[in-house]
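Hi,

Here is the structure I promised to pass on. Could you have a look when you get a moment?

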Amino acid sequence: MAKKTNEKLNKELEKLEEEINGKETETPKTTTRGRKPKAVEPRVVEMPVEEEVKVEAPVTRKRVKVKEVKVVVEEEPLATPDDFSAPFEHKEEEKPKEKRKKDEVVVTRYNPDRDKGLTTDEVEARTLAGFYNKIKKGSTKSIPGIIFTNLFTFFNLLMFGIAAWLISAKAPVTNFFFLGTIAANILIGIIQEIKAKKIIDKLSVVSTPTAIVIRDAIEFEIKLQEVVIDDILVLKSGKQIPADAIMVSDEQVEVNEALLTGEADPVVKHKGDLLYSGSFVVAGTVKAQVVGVGSDVFIEKLTNQARKYQKPQSQLLKSLRILIKALAFLIIPIGAFLFYITTESPIGIGNTPYNTSVISTAGALIGMVPAGLFLLTSMALAVGVIRLADNNTLVQELYCIEMLARIDTLCLDKTGTITDGTMNVQSVIEIKSDSKLSVAEIIPSMMNAFKDENQTSKALIERFGRGKALKYSKTVPFSSARKYSAVEFNDYGVYLLGAPEYVLKDKYDTVANQVERLSSEGLRVIAVGYSKGRIRNTDDITGVVWPVALIVIEDSIRIDARETIEYFKQSGVDIKVISGDNPITVSRIAERAGIDNYHKYISLEGASEKEVIRAAEEFTIFGRVSPIQKKILIQTMKANGRTVAMTGDGVNDILALKEADTSIAMASGSDAARNVSHLVLLDSNFSSMPKVVSEGRRVINNVQKVATLFLTKTIFSIMLSFITIYLGVTTSNATYPISPAQLIPIDWFVIGIPSFLLALEYNNNKIKSGNFLFNIIKSALPGALAVIITSVLIYWLKTPLEITDDRVISTLIVITATTISLIVLYRVSSPLNVPRRILFFSMFAAFILSILFIPEFFGIAPIWKFGYHIEPTLKLNEILFLIVLIQAAYPIIFIVSNIGGWIKKGVNTVVNFFKNYV
């Protein structure tokens, strides 16, 4: 009989034999056996121990010490086709040895009984052999990865290179203090990101899907990574398929393979069919035998295009990346040209000594680098993750915090969002029919036939119970596309349960008035139908379906739904409700929840794609929506320029959740919804969403503030470099006026300490409209231009004022630039509350005290004689000039900030004058 073994395991066996025996071993000859798609019937065949084949392999699990692993196939497991990932391959028979070693682990592959499953020993053997579901960790980076990405950024490497360059030039130690800011940013970023990672990992364990398996004839709920080869899985509606498996039970189920194929239509599976890992059961309950685990599963072999998962399109991230790329393109060429222009021959064409030129060029490069901006943004987001975790919200994608704060359209799924997901049967209206069974007999038997655990079935079971009195021959499980389920009972005919218009079809008119009246009251109506026909193999039902009863079910509105919806309305967010239920019912529930335009509802039942697209902007409430129509609605809204968030908790929401800019799932919902969503509300509490919006606003508004501080220094450093290059070309006697030591006041008192505190403070203001990058450049430009204007004045008036010392020129520029930067800090901090007032005046005081008492520490000339100062102080005319420059700083910023608006206003005035009078 053919034996199978894993090729990967064979290679490990060879390696172990080489280590143990100290000699080369030949690779066992293997051939891959192709198989037809149809699976064989599971069976167990016992074989004598003498025919077992012993193969040696290393064991990596620590709980049991073994030296060798023996893999034996007593019966070929369920056959799989070539394109399916069966992990075992045919192996040539080897002559068995007579004795078995004590520490040998035997892994026997066979088809276990579907009601008993594997034994504990068999599971242990498979785990030790490595035949378990090795699941890749979540989206969070590893701790070494976090340290690496925070440490080795382009700007950090540039700064380390500048430090090495300064060492070669024997620069004074004060010129290296810029590394303190870099180190602080790196350290804080690493600590916060690791803290956020640990929280995400911890919460992910709570939110992680589980698998139900049968072992020793008992059902167990286990982690996905504990599933082993040949396990018998119990897959219920809404559950994700954790590993490649083949159906071994007689019932049929419907599976959504959208994550693999992108197709929304459910696929009907029968006994012997393949179930792919990553798919979701949308209707029915089935048992399946695992035939592929870990890296051998089919989903691992698909292309990235098949998954079609998209990360949030973060404007913040995109803007920062554009900024970094632009600066990376500019900084090195500008620095190199500046060094060449200012340095004396033979290196350059200027007359500045090499060491001095290195220090001044390093000052220009350090000034251009917005050191820590990207890390500060990541830190602000990481703090948001930590704060949201305290409110039972799992952030699965960091930048989705920002995206939810930017949304202008929120699409809600009625069940589990507006309502709390619980239902109760309010009343039963029986209708005269030819049915031999009453509702009290039909419903319990139907519930027993399907064993579904959705909220509707729970409400029905609570009212009618579950019974086994009636024997059934065929079933049609419920699906979101079909909107009904059916059971064929022996000698009694077919009974259907679901949406009245889908169940009764041509006979719907007989109950239409009652259904519409009840639906208009916000109630959900389920029809019980009866047919004397049969269920075909295609799941079609023959014969006319007549109404037997209407079951009236009521949804419970969430206590906090109205308050949360009101919050979004006040934030200017349009609320739309997308549901598979009757649109009239959904409209009444929307009215109770306080949603505007609740009367604008439409049923999309049978609507074409063009009709769905046209309805997207016109209506607020969408009923009878199929999964593919949900996706089209989201796509249309995005195409119309909207930023869309979508909430959902069911398998039918998968495609819409994937399509939305931000997707939010309820933890109480299906595995499918949680796995594809950016955010998971762990307590399934809709009222947590405003907290996410608040954190997003805090991040965007505060990063915009601190980015203004960073870019003010960057822009004026670039422009000052161009001025120096111009002077160097025209006079051959120019040096960049600011050294690294002279940047310390700006780095510490304007950017370092304030940006850290401002980035983390509470800020729930509405986000400023417009492009993020444009906004921060617009905010930074007035301050940067003010520094350039005052610097040009200094260069222009230095000869008339008889200022010949380069040290004095640097001092005037540094003190003026720092003062202007402090004014920018004041502007971004306004309006000043108590903490911001303390922050601003503390930084201003620290700057004044620094230039008065320790000016030489920063490489600037003293203003007055004090203590140990040995450098000459500023002259009276230089001090007076400095005072004039400082006084002119604010008016210059004011003029630069408003000149564009004044020009625009003037042009409009002239245009209107000519329109009216000429």
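Below are some notes on a strand and on a glutamate.

A word on the basis: this is a predicted model, where local features need pLDDT of at least 70, side-chain atom pairs count only at pLDDT 80 or more, and totals for chains, interfaces and linings use all residues. Residues are numbered from 1 along each chain as its sequence is written, and side-chain values use heavy atoms, with hydrogens and water left out.

β27 has parallel partners (pairing needs at least two DSSP bridges between two strands). Strand β26 (residues 644–648) joins it through 4 bridges, and strand β28 (residues 679–681) through 3. Ile664 stands opposite Thr647 in β26 and has Leu679 as its bridge partner in β28.

Now to Glu488, in strand β19 (residues 484–489). Glu488 counts as buried because its relative accessibility is 5%. Its side chain makes a polar contact of 3.3 Å with that of Arg534 (N or O atoms within 3.5 Å, one able to donate a hydrogen and the other to accept it; residues adjacent in sequence count only if both atoms are side-chain atoms). A polar atom of the Glu488 side chain also lies 2.9 Å from the backbone nitrogen of Ile535.

Best wishes

Note on methods:
Buried means under 20% relative accessible area, exposed over 50%, partly exposed in between (1.4 Å probe, protein chains only).
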